[in-house]
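Please look over the sequence and the model shown here.

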Amino acid sequence: MSLLSHPARVALIAGSVGLALVAGGCGSSEPTSTAGGDGGTSAECAPYAEYGKHEGKKVSIYSPIRDVEADLFQQTWAPFEKCTGMKINYEGTGEFEAQIQVRADGGNPPDIAFFPQPGLLERFAKAGKLKPASAKVKELADKNWSADWTKYSTIDDVFYGAPLGASVKSFVWYSPSMFKERGWAIPKTWDELMTLSETIAAGGVKPWCAGIESGDATGWPATDWIEDVLLREIGPEGYDEWVGHKLAFNDPKVVAAVDKVGAILKNDKFVNGGYGPVKSIASTAFQEGGVPITAGKCALHRQASFYANFWPEGTKVAEDGDVFAFYLPGNDPAKKPVLGAGEFVAAFADRPEVQAVQAYLATADYANARMKLGTYVSANKGVDIANAQNPIDKLSIEMLQDPNTVFRFDGSDLMPAAVGAGTFWKGMTDWINGKDTKTVLDFIENSWPKS
Amino acid sequence: MNLDFDFAAEQPKLVQLLLGIVAFCAVVALLLLLLDRAPMRQRARLHAAILLAPALILLAIGLVVPAVRTTMLSFMSGDGAAWVGLDNYIWMFTQPEAVTVLRNTLIWLALVPILVTSVGLLYAVVVDRTRFESIAKSLVFLPMAISFVGAGIIWKFVYAYRPEESDQIGLLNQIVVALGGTPQQWLLEPPLNTLFLIVVMVWIQAGFATVVLSAAIKGIPAEIIEAAKLDGASPVQMFFRVTLPSIRSAVVVVLVTQSIGTLKLFDIVRTMTGGQFDTSVIANEMYNQAFRYGETGKGAALAVFLFVLVTPIVVYQIRQRREAVR
């Protein structure tokens, strides 16, 4: 036990090792220069003067958007950072829904979070964790977005943040060249869509292809299908009631809408072009769901505007190209409700620099600058359609900016997570895998959180 | 992507790190000084107390407090705002989808330890004292080096499905097609899909069982084997009357560790099916409820139940060990 017989010496060694580590650590943490500083030329910075100077201040943003898109965000706000002198620390994550909760509970929330689910935003707002948006942000949001959008971040009459990006989900992808060759016309009503499906099936091609596999989010593309058809069947008001659980999940009206989707997705004659029988939908990755269109093995694929990014390299996305999309028709061609999704910029802090970032992201200037860099859709009314990078973005923005458009947010993002990110996805996967409509809807209805 | 490590931006974290290191050194120094100053007569007991204190404190913070809090949460509503009594437990044992989860865990628990042990034992006996023993053992041990997630991805490809008319990319379906069958969606059909997942676990763990049991077999005294042979024992008799009783404690160790590992199993299910198609197990459902659905109460109830299931196995293992020491 020589160690214990010389404790003073050991203590000394331990202490000096600690000191050495301190010295080493300090040596390597020499401060390096960061963004900001002198603020650039005045002409460049004129548009950002209204946000004030926030020299040396830091704002952290936490978001589910990663990789290329995240880089484009940072490029977009680089001039803003430079001119206001602040630094924006952007962090994208693949586990946003779980991690934001952990960070907020752990007392380490980001300053700003991009919420892709209004339901999640509502949970944080009700828990008193979010700070209401400033008057300026509210003014900008009211000016730039329709009430259809701003209502999703207004909880108990308090406005928490403006929308950011958007995607349109009510699209059916098709091949314009294939349609032209076979003499098919774009359907304007649901009945025409079904007739077209019959025609295509009679020609020996399975008309529809789909894929709902998406890791632990498996099932979401099927829930989009249901929501899109439900929105057309029971109208926007009925849809709101359903989302708010004032209309039961297993109501006969919902059963009818699900069966209407089932007439396509659970019909072995109609699906799954290029992949096999109905059940192959459950195991096909959503990214690959529509790809058989390019090989002529399938003709129609219902998926959001962002599917433009998943076509094989070299596929031309345009009205006269290899693939394009048309609006998923309803029973009445005069009514065109649009199902979509997007993010909301809500803040956990109300420091002036945080509010300045929120205000900047709510402007049309930001949206336009972002669009110039690459594919991007925003429902911001101030967006210049000429900045759209591709035809599908253009079509999406036209639909979103049309004053007659009735917009509704993806319902599974609005429901409590136990349903919207849980039993609804799981239930629809089971439904595709063979369970009948009533059993599945009863299961989802029973899982709705009490209280 | 910007991967440069910005020291200035990370400074607060670095300072925290340094503070931690300094604090650690200070605590160690303090402990040693205390040990030195302790009165001579009571040294043994004081030494034990001083040296155990940090471990006990850390254990309390890291294990006891969370366990108590989890137990409390399991009697509360999803957001932890109100007491709901036994509701979460009632949900667990009555809702069909939750019952499916419990049933699956039982299937796993019933099959995995037995399969792993028997495959490992059989393999160990067969390759014992053959020329290629070391190579054979390395081969079966290799999967142990692969993480559960990695193995899950590999086997997802083995089970991959492509329609009949196109080329198969999954090994299993390719074999089926070569034998004249039609490709199947292996992971979509309950309850068979659970068995296909169990195969993955057995594939990973069999190597561990082989190595442990093979070492035990080599430890059997040569005299006993010789005596049995002289008495004219057949190979089968040798195995059941001599080998198996001699390595009983090693078999128990394998069974127990496999049982605990199986109860906690999460990665394979999450990677391969995400708990869809009636394949979810307790640990996977616990994660879903607590972290994805925001239903902390239900998640905590599942965690408590998992703990209750593991406890008897751990107690049994400790008893066994005590007996072995005696």
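The text below treats the domains, then a sheet, and then the nonpolar core. The model is a predicted one.

**Domains**

The domain assignment divides both chain A and chain B, as set out in the table.

| Chain | Domain 1 | Domain 2 | Distance between C-alpha centres |
|---|---|---|---|
| A | 42–168 + 340–409 | 171–339 + 413–447 | 29 Å |
| B | 11–73 | 87–325 | 38 Å |

In chain A, 22 residues of domain 1 are in contact with 24 residues of domain 2. On the domain 1 side of this contact in chain A, the elements that give two or more residues are helices H6 (118–126) and H16 (391–401) together with strands S6 (163–168), S10 (337–347) and S11 (406–409). The residues of that side comprise 12 nonpolar, eight polar and two charged.

**A sheet in chain A**

Strands S8, S7 and S9 of chain A make up an open sheet, in the order S8-S7-S9, with antiparallel pairing. Strands S8 (301–302) and S9 (324–327) of chain A each have a single partner strand and stand at the edges, so one side of each is left without a neighbour in the sheet. Strand S7 (residues 171–174) of chain A is joined to S8(A) by two bridges. Val172(A) has Arg302(A) in S8(A) as its bridge partner.

**The nonpolar core**

The largest nonpolar core contains 173 residues, and Ile226(A), Ala346(A) and Leu213(B) have the most contacts inside it. Helix H8 (residues 192–218) of chain B supplies the largest share of this core, 11 residues. Leaving aside residues up to four places away in sequence, Ile226(A) touches Ala257(A), Val258(A), Val261(A) and Met428(A).

Note on methods: Residues numbered from 1 in each chain as written. Chains lettered and ligands numbered in written order. Predicted model: local features only at pLDDT ≥ 70, side-chain atom pairs only at ≥ 80, totals over all residues. Pairing = 2+ DSSP bridges. Helix = DSSP H or I, 4+ residues; strand = E, 2+ residues; numbered from the N terminus. Domains from an automatic or database assignment. Core = buried A, V, L, I, M, F, W, Y, C linked by C-beta atoms within 7 Å. Buried ≥ 20, exposed ≤ 12 C-beta atoms within 10 Å, placed from the backbone. Contact = placed C-beta atoms within 7 Å. Nonpolar A, V, L, I, M, F, W, Y, C, P; charged D, E, K, R; others polar.
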